[in-house]
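Trainee: Could we go through this structure together? I would like to learn how to read it.

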Amino acid sequence: MTQENNPYDEPDSRTRPTGAPSHWVTPPPPSSAGQPPQPSRPAQPYPQSDPSQEATRITNPQVTTTPAPPPPAAAVTPPPPAVHGQEVPSATDFLDRRAESAGFGPATWGWRGAIRKMSGGLISPKMGPAEIAYEQDRAMIQRDFDGPRTIVFINPKGGAAKTTGVLAAGYTFGTVRGGGIVAWDNNETRGTLGIRGMRSTHRNTTRELLDNLAAFNNVYQSRIGDLGAFVRSQGDAHFDVLASDERPDVTGQIHADDFAQVHQLLERFYKVILVDTGNNMRAENWLAAADTADLLVVTSTVREDTGYSGLWMLDALQESGYADLKLKTITVLSDPSPKVDTNLARDLTEVYQQRTRGVYRVPFDPVLVAGSTVQYSQLSEDTKMSWLKACAGMAHAL
């Protein structure tokens, strides 16, 4: 075994050369006075004093200094142990690797799930492509963000499925993520989000919240439960609704400063903020929402007028200098009836695919288009699956 040399060890000057006689003594260095070196003598039991040099030692004493010890070496953190030149995985690396290799488990859908059920689990086929895609979409929606995210639903035309889109997205994000979601009706006057969502024991709206913002000034004492007097829980859908003005005696509009104050408050308590907008894209609060958005969602039905309105809005935003508009915008196309013009649907899909980062089609659902309170439990499976895909696209864009 090869023994490594210690770089901090000093060489031993007393070591005798190999093969030297036992009486060998290292000769002394030459005298500083220039005297010739004395011939070496055999080693004696005790050193003998030289009387001729005693006086010199007394009259010309020489100071013998002891070399200062070397400064202590700086502490060096040893590198992590390596195996064959590679770092040893940490405990976190181990857990991450296990999670990645775990997969999504056995199949529960279709004939694969039927076989597993009939065999009592003795035969457990793996998931098919559709079920794997479903689980991947859920995992995407459940991903962690490094801060609150704001998604703004826009189209300056009424009847473009903004409100129903916000409610469907709220249901999807709320049930899949498990809460932490709020849907906010940011209409400058009166919107319909509070009417379409589940009712509450109170009738407070954004206007009343603005009047009581001082109660939330102390960030150490204000609580999310205190917002319960202003937002409306959507029950099993696991999200809240903040409605716009509903009282006929309320006058005035929501301005940019009002939007900023409410938005700042909601960011303290919610992870995802879904904003329903009005139809006036020149309104202060509309522009404030577009400026604040982490993601814009253009909603449109498969109709030529609503499709045109959304494209006109994108043109206006582009000309106003909104940077990276395509990268921060997706499109949701809703079927307004059981049967739609397939050619128009194809054309709208193609043009919005060029203007935004993705287009998602959602089917007709009478629960959403009836105009009454949305019963989330009555949404069709096709609607739920389509919105799951759309919300996964939103989460991926964030």
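Mentor: We shall discuss salt bridges, a surface patch, a pocket and some backbone angles. Please keep in mind that this is a predicted model.

Trainee: Understood. How many salt bridges are there?

Mentor: The count comes to eight salt bridges. One of them joins Asp146 and Arg149, whose closest N and O atoms are 2.4 Å apart.

Trainee: Is Asp146 buried or exposed? And what about Arg149, buried or exposed?

Mentor: Asp146 is exposed, with a relative accessible area of 72%. Arg149 counts as buried, at 14% relative accessibility. The cut-off for buried is under 20% relative accessible area.

Trainee: Which residue does Asp305 meet in a salt bridge?

Mentor: Asp305 pairs with Lys157, at 3.7 Å from N to O.

Trainee: How accessible is Asp305, and how accessible is Lys157?

Mentor: Asp305 is partly exposed, at 29% relative accessibility. Lys157 is partly exposed as well, with a relative accessible area of 28%.

Trainee: Which residues are linked with Lys157 and Asp305 in a network?

Mentor: Arg303 is linked with Lys157 and Asp305 in a network of salt bridges.

Trainee: And where do Glu381 and Lys384 lie?

Mentor: Both lie in helix α13, which covers residues 381–397. They are three residues apart, about one turn of the helix. Lys384 counts as partly exposed, at 22% relative accessibility.

Trainee: Let me change topic. Which residues form the nonpolar patch on the surface?

Mentor: The patch is formed by Trp111, Ile115, Leu122 and Ile123, which together have about 470 Å² of accessible area. Ile123 is found in the loop between α3 (110–118) and α4 (129–141). With a relative accessible area of 48%, Ile123 is partly exposed.

Trainee: How many residues line the second largest pocket, and which lie nearest its centre?

Mentor: The lining has 30 residues, and those nearest the centre are Gly159, Ala161, Lys162, Thr163 and Thr164. By class, nine lining residues are nonpolar, 14 are polar and seven are charged.

Trainee: You named Ala161. What is its phi?

Mentor: Ala161 has a positive phi of about 70°, although it is not a glycine. Most residues other than glycine have a negative phi. Ala161 lies in the loop between β3 and α5, and it counts as buried at 18% relative accessibility.

Trainee: What is the phi of Asp324, and where does Asp324 lie?

Mentor: Asp324 has a positive phi of about 50° and is not a glycine. Its place is the loop between α10 and β9 (329–334).

Trainee: Is Asp324 buried or exposed?

Mentor: Asp324 counts as exposed, at 54% relative accessibility. Ala161, by contrast, counts as buried.

Terms used:
Residues are numbered from 1 along each chain as its sequence is written. This is a predicted model: local features need pLDDT of at least 70, side-chain atom pairs count only at pLDDT 80 or more; totals for chains, interfaces and linings use all residues. Side-chain values use heavy atoms; hydrogens and water are left out. A salt bridge is a side-chain nitrogen of Lys or Arg within 4 Å of a carboxyl oxygen of Asp or Glu. Buried means under 20% relative accessible area, exposed over 50%, partly exposed in between (1.4 Å probe, protein chains only). Helices (H or I, at least four residues) and strands (E, at least two) are DSSP runs, numbered from the N terminus. Patches are made of residues with over 30% relative accessible area and no salt bridge: like charges are joined within 9 Å, nonpolar side chains (Val, Leu, Ile, Met, Phe, Trp, Tyr) within 5 Å. Accessible areas come from the Shrake-Rupley method with a 1.4 Å probe; for residues, only the protein chains shown count as cover. On a 1 Å grid over the protein atoms alone, a cavity is a set of points where a 1.4 Å probe fits but cannot get out, and a pocket is an open set with protein on both sides within 12 Å along at least five of seven lines; lining residues have an atom within 4 Å of a point. Ala, Val, Leu, Ile, Met, Phe, Trp, Tyr, Cys and Pro count as nonpolar, Asp, Glu, Lys and Arg as charged, and the others, Gly among them, as polar.
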